[in-house]
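Me: I'd like to go through this structure with you, one question at a time. Could you start with the ground rules?

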Amino acid sequence: MSSTTRYVFVTGGVTSSLGKGIISASLAKLLQARGYKVTIQKLDPYINIDPGTLNPYEHGECFVTNDGAETDLDLGHYERFLDTLTSKANNVTTGKIYQTVINKERRGDYLGKTVQVIPHITDEIKRRILKLGQNDAFDIVITEIGGTVGDIESLPYIESVRQLKWELGSNCIVIHLTLIPYLAATGELKTKPTQHSVKTFLEYGVQPDILVCRSEHPLNVDIRRKVALFCNVNINSVIESIDAESIYDVPLLMKKEQLDKVVLAKLKLPSGKEPDMTQWKDFLLKLKNPSSEIKIGLIGKYIELKDAYKSINESFIHAGVFNDCKVKLEWIHSEHITPENVAEKLHNLSGILVAPGFGHRGIEGKITAIKYARENKLPFLGICLGMQCAVIEFARNVMGLSGANSTEMDAQTPYPVIDIMEAQKQQTDKGGTMRLGEYPCNVTKGSKAFGVYGKTKIFERHRHRYEFNNTFLKDFEAHGMIPSGINPDTNLVEMVEIKDHPWFLGVQFHPEYKSTVANPHPIFIKFVKVAHEFSKK
Ligand code: GLN
């Protein structure tokens, strides 16, 4: 729509966790609905190269892109809201920035120079931001800066924003997301923390153009006027972001506040057509008024932090809306499941999902739950480690291979039904070396998996090191566990199912990374459908 790419920065003030990711995704959604090509980038101030090596307790789920980047979970929101792909370039960390600069230094690219935060680190940050706008791939690039203004860690990012604002003029704006807390004792909304946050921002040389104010109560005109006056913004640039029932409400709330219009006006871009949010509204209406409800057990070991399974949770929301049936997730800690209590824990559920994971903790509980689902014909979906556990359970309890295991859990197992690939054995580094990103898979005609996809060639995203061990394949088939998805290039088993079970599916890949509001994932759609039917029995 426009010849020059525009850049929008989203920063945070006062506290973390105000929802910069959702605000960015909501703004992007509205601009997309107005006909603009938009992408979102996340800059993370930590020194890890990517979140792949972080414990999910630290940082929530690690989202994987088609091109195999292990990224911040906000990229999941971007893809789910926009239904467009992100890539390696959409998530930058301080670790990546420094690695590039240090590699250049070793190569001699800066010979004779002292390598410094300004200009070398800031130049690399700017290069990564501007790169997304190259070749007119996008009209607008929204860059979200992790952390809170004032943090030591994010200073080089803020300095880069200052420089870009200067260099790009009106092609660049800054949205600052802050908090307007409510003091119950006096019944007042307080603007001081926001004023202070903007002052800190000004000390770094950045005047935000728009303030999005998170609040538990509506902002009246007086409050807006006060914020505008003290923070040097127009009153129409003080945007209320009231607590919402669902993250999917936020684009409509932002539309009501005209965030998209204010942004376009500041960027000197035409407002384009009125955003058509009919489909989105439809989705929300169904989300809030389901005709039925089912309970599905999510069995994992990181359940204390729901963000660890963000994409799975969202996939159930999308598939629930599609089936007009709310999915209530019952979070079950795999370490707490024993053969004695499994029936009590699972008997009132309409299906179970055994989650991805790493390491041996909680694995026996997962296997016990899978045995219950298999024997009681309870709909089952196993994702990644969940599929591997299903394979181990079947080997032990149906094929009689006592002690069968994955070599990840037991290197000495007599039956390594899940094993590490030759290529993986050579890897000594842990970061970024798993089987990552999108791989093709051939779906066997006539299988339940084929019933799900309705086609034989699919592409799904992976994130694992261990694989189904094909030495045992014939034996599995003979006992009734069949491979219903095979990688055409490597022959690796990507999906397994059980013949005499209404719905028992294990997938080595992560379908949850591909579910979006506009396109819920077929596996989740089918799983919810089958579980719903099961609940009526
Ligand atoms: N730990 C298993 C592997 O590396 C499964 C990984 C996962 O569930 N994402 O193969």
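Predicted model: local features only at pLDDT ≥ 70, side-chain atom pairs only at ≥ 80, totals over all residues.

Me: Which helix gives the most residues to the lining of the largest cavity?
Reply: A cavity here is a set of points on a 1 Å grid over the protein atoms alone where a 1.4 Å probe fits but cannot get out, and lining residues have an atom within 4 Å of a point. The lining consists of Thr94, Ile97, Tyr98, Ile121, Ile125, Pro156 and Tyr157. Helix 4 (94-107), helix 5 (117-131) and helix 6 (155-168) each give two or more of them, helices being DSSP runs of H or I with at least four residues. The top contributor, with 3 residues, is helix 4.

Me: How much accessible area does the nonpolar patch with Ile118 have?
Reply: Patch residues have over 30% relative accessible area and no salt bridge, with nonpolar side chains (Val, Leu, Ile, Met, Phe, Trp, Tyr) joined within 5 Å. Isoleucine 118 is partly exposed because its relative accessible area is 46%, between the limits for buried (under 20%) and exposed (over 50%), using a 1.4 Å probe and protein chains only. Together, Tyr98, Ile102, Val117 and Ile118 have about 330 Å².

Me: Is glutamate 124, which pairs with arginine 128, buried or exposed?
Reply: The two form a salt bridge, their closest N and O atoms being 2.9 Å apart; the rule asks for a side-chain nitrogen of Lys or Arg within 4 Å of a carboxyl oxygen of Asp or Glu. Both lie in helix 5, 4 residues apart. Glutamate 124 has a relative accessible area of 2%, so it counts as buried.

Me: How many residues apart are aspartate 249 and lysine 288?
Reply: Their side chains meet in a salt bridge at 2.7 Å, N to O. Aspartate 249 sits in the loop between strand 11 (238-242) and helix 9 (250-256), and lysine 288 is in helix 11, so the pair links distant parts of the chain, strands being DSSP runs of E with at least two residues. Aspartate 249 is buried at 10%, whereas lysine 288 is partly exposed at 35%.

Key:
Residues numbered from 1 in each chain as written. Heavy atoms only, no water. 1 Å grid on protein atoms, 1.4 Å probe; cavity = no way out; pocket = protein on both sides within 12 Å on 5 of 7 lines; lining within 4 Å. Patch = residues over 30% accessible without salt bridge, like charges linked within 9 Å, V, L, I, M, F, W, Y side chains within 5 Å. Areas by Shrake-Rupley, 256 points an atom, 1.4 Å probe, with all protein chains shown as cover.
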